[in-house]
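Please look over the model shown here, with attention to how its chains meet. The report that follows is meant to be read alongside it.

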Amino acid sequence: MDADTRVRVAEDVDVVVARQAGRELAQRLGMSASLQTMVATAISEVARNMVVYAGCGEIVLSVVSDDGRRGIEITARDDGPGIADVDLAMRDGYSTGNSLGLGLPGARRLMDDFLVESVPQGGTTITMRKWLAEWT
Amino acid sequence: MPVPILHQGRLLIASVPPTATDRDLRELQDDLAEQVGRIGARGVIIDVSVLDILDSFATRVLETVGQVSHLRGATTVIVGIQPDVALAMVQLGVTLDAVATALDLEGGLALLHEQRSAASR
């Protein structure tokens with residue numbers, strides 16, 4: 001059983017560290033270059049949000065299995081200001097910062113499972129998973 | 001770590017390393033904007049062939065470089081987007097409208113050359 005990889009994210013360089021860790025885990029799991037890049041990109045998006053909106057947080061990477069298939073699970077947790085309207089935040093082009101507004105909906109498109117739990121002033125937890133197809 | 005920018009005549013060439021952080025990219029954006037003006041650049045080539053991801057932030061930087069350069073008379077070409085990076089960009093939903101693209105440096109140079117030839121006819 002693989003131990004979890006935990007990355008503390010507080011500044012720019014940690015975004016790179018987190019996505020590299022994601023790529024490495026995806027690679028160890030046997031994911032193709034394409035899947036590895038999708039995982040890394042999704043991590044980059046949520047890690048950046050963490051730095052920009054919450055200041056700091058933690059990203060936990062783990063291997064999960066479900067019904068014979070294996071996958072990578074990423075949990076990005078912070079104690080920041082939270083997302084007031086998750087539905088709005090999940091809409092392309094919506095941004096409360098100075099960005100494209102593609103971070104959250106983009107990450108969701110890249111991953112298979114995607115869950116956002118957020119309470120205004122109560123932090124945000126994003127859980128996302130990418131599965132390895134059974135036949136690979 | 002600042003991304004080095006090479007000058008070749010009226011051409012600027014920058015190669016982005018995989019370790020580049022958001023801050024490095026922002027600085028590159030500013031450096032290119034300044035240098036386009038300073039040397040009267042006609043073309044900007046940004047080589048991303050060793051980048052293993054292009055996320056929404058990086059894409060936005062490239063787009064901004066393209067728009068700013070265009071306003072100052074230069075064409076920007078992004079070269080070397082890797083296949084899995086391109087796929088992830090499509091899934092992410094980002095587009096590159098203000099810049100041209102080419103497979104590699106040679107392709108980028110050819111594109112800029114063609115453009116200049118066409119303009120002078």
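## Confidence in the model

This is a predicted model, and the predictor assigns the complex an ipTM of 0.92 together with a pTM of 0.93. For chain B the average pLDDT is 95, and 99% of its residues score at least 70.

## The interface between chains A and B

The interface brings 23 residues of chain A into contact with 22 residues of chain B. Between them, chain A and chain B bury about 1900 Å², and 54% of that area lies on carbon and sulfur atoms.

Across this interface the rule finds 4 salt bridges, and one of the pairs in salt-bridge contact is A:Arg19 with B:Asp55, whose closest N and O atoms are 3.8 Å apart. There are also 9 residue pairs in polar contact across the interface, with both residues at pLDDT 80 or more. On the side of chain A that touches chain B, the elements giving two or more residues are H1, H2 and H4 of chain A, and the largest share, 9 residues, comes from H2(A). Sorted by class, that side of chain A has 9 nonpolar, 8 polar and 6 charged residues.

## A:Asp12 in helix H1

A:Asp12 is found in helix H1 of chain A, which covers residues 12-28. With a relative accessible area of 13%, A:Asp12 counts as buried, because the cut-off for that term is under 20%.

Leaving aside residues up to four places away in sequence, A:Asp12 touches A:Val51 in chain A, and B:Thr21, B:Asp22, B:Arg23 and B:Arg26 in chain B. A polar atom of the A:Asp12 side chain lies 2.6 Å from the backbone nitrogen of B:Arg23. Within chain A, the C-alpha atoms of A:Asp12 and A:Val52 are separated by 9.3 Å, although these residues are 40 residues apart along the chain.

## Helix H4 of chain A

Key
Residues are numbered from 1 along each chain as its sequence is written. Chains are lettered from A and ligands numbered from 1 in the order in which they are written. Side-chain values use heavy atoms; hydrogens and water are left out. pLDDT is the predictor's confidence in each residue, from 0 to 100. Helices (H or I, at least four residues) and strands (E, at least two) are DSSP runs, numbered from the N terminus. Buried means under 20% relative accessible area, exposed over 50%, partly exposed in between (1.4 Å probe, protein chains only). Contact means heavy atoms within 4.5 Å. A polar contact is a pair of N or O atoms within 3.5 Å; within protein, one must be able to donate a hydrogen and the other to accept it, and residues adjacent in sequence count only if both atoms are side-chain atoms. Buried area is the accessible area (1.4 Å probe) that two parts lose on being put together, summed over both. A salt bridge is a side-chain nitrogen of Lys or Arg within 4 Å of a carboxyl oxygen of Asp or Glu. Ala, Val, Leu, Ile, Met, Phe, Trp, Tyr, Cys and Pro count as nonpolar, Asp, Glu, Lys and Arg as charged, and the others, Gly among them, as polar.
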